[in-house]
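Please read these notes with the model open beside you, and check each point against the atoms as you go.

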Number of protein chains: 2
Amino acid sequence: MEDQEIRKAGLKVTAPRLKILELLEKCGERHVSAEEVYRLLLADGEEIGLATVYRVLTQFEAAGLVERHKFEDGYSVFELNRGEHHDHIVCVTCGKVEEFLDETIEQRQREIAAERGYEIGDHSLIIYGRCRDSECPNRSKK
Amino acid sequence: MEDQEIRKAGLKVTAPRLKILELLEKCGERHVSAEEVYRLLLADGEEIGLATVYRVLTQFEAAGLVERHKFEDGYSVFELNRGEHHDHIVCVTCGKVEEFLDETIEQRQREIAAERGYEIGDHSLIIYGRCRDSECPNRSKK
DNA sequence: CAGGAAATGAGAAGCTTTCGCATGCGCTGG
DNA sequence: CCAGCGCATGCGAAAGCTTCTCATTTCCTG
């Protein structure tokens, strides 16, 4: 199961790493912060340190297992890498994050990079707006 | 001259604010960090505090005089707002930043936000790549 | 099963950015 | 032109997120 993914990344299979991976799987499309992972695991009875969470998430990112996103709030959020690239649309009022993918935009980006002599690596497109159901009173819940 | 822009923003015209504005004008398209503004002004013989630089830049941003960008490095960079929106392509090797604007992409973004019921506010598109002349040995010069 | 390398937890430290407060300065009304 | 109020400044302290340090524990190979 998850053991293999961790081993494939060249990392030892340890309890913290397994737990974090499980948690991320359970979170699905939801984006979680390191702090949140930490608190959820503590609440789950795990004995884990915040530093370990950061370390492991960084290692997972390097191994391509998870993706790290930085929105304007300043801190990072993580999600399992499901292989398919996507961009984000964020509601500035309630903090909700949706994902999307638009081939027209992807294509134009490749062209723009090529025109300017860049070997394209990655990109980040984030649309900030206000979602329709912005009655949402839960501002910045982190 | 610049006095008017500051006054229009509802701010008192003071030496620090004038100097920062001048400096940004001199920088043109270059993106500078708060720290950099601070050091450049000190080097120029100004007596200024880092906190003031941050405060003034934040006020200028609120007034629409400057734009703040956050790249993946973690800290913010600023540039004078010349009125025309643009996106960025950043070289991950040398840190060079170029600007571009693509109407096809802009258009698709508006459509995507509309489709999903968002009142679009702003957006941030950053392409990370490696530029052709990446012999550039000046990694992260901040 | 033993030994060595790698991983962990806790706290300290780092970095950017903001805050609090006493002092200083720009600006408006007299 | 001057006085006085209040915003602006500078400094140091502090906040918030993330990384580092290091002694201890855990995993894994042989």
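1. A salt bridge is a side-chain nitrogen of Lys or Arg within 4 Å of a carboxyl oxygen of Asp or Glu. By that rule the structure holds 20 salt bridges over all chains. Residues are numbered from 1 along each chain as its sequence is written, and chains are lettered from A in the order in which they are written. This is a predicted model, in which local features need pLDDT of at least 70, side-chain atom pairs count only at pLDDT 80 or more, and totals for chains, interfaces and linings use all residues, while side-chain values use heavy atoms, with hydrogens and water left out.

2. In chain B, Arg30(B) and Glu36(B) are joined by a salt bridge of 2.7 Å, N to O. Relative accessible area (1.4 Å probe, protein chains only) is called buried under 20%, exposed over 50% and partly exposed in between. Glu36(B) therefore counts as buried at 12%, whereas Arg30(B), at 38%, is partly exposed.

3. Which residue forms a salt bridge with Arg108(A)? The partner is Asp102(B), with the closest N and O atoms 2.2 Å apart, and the pair crosses between chains. Arg108(A) is buried because its relative accessible area is 18%, and Asp102(B) is buried as well, at 6%.

4. A network of salt bridges links Lys96(A), Glu98(A) and Arg116(B). Within chain B, Glu98(B) and Lys96(B) meet in a salt bridge of 4.0 Å, N to O; Glu98(B) is partly exposed at 23%, and Lys96(B) is partly exposed at 30%.

Notes. Helices (H or I, at least four residues) and strands (E, at least two) are DSSP runs, numbered from the N terminus.
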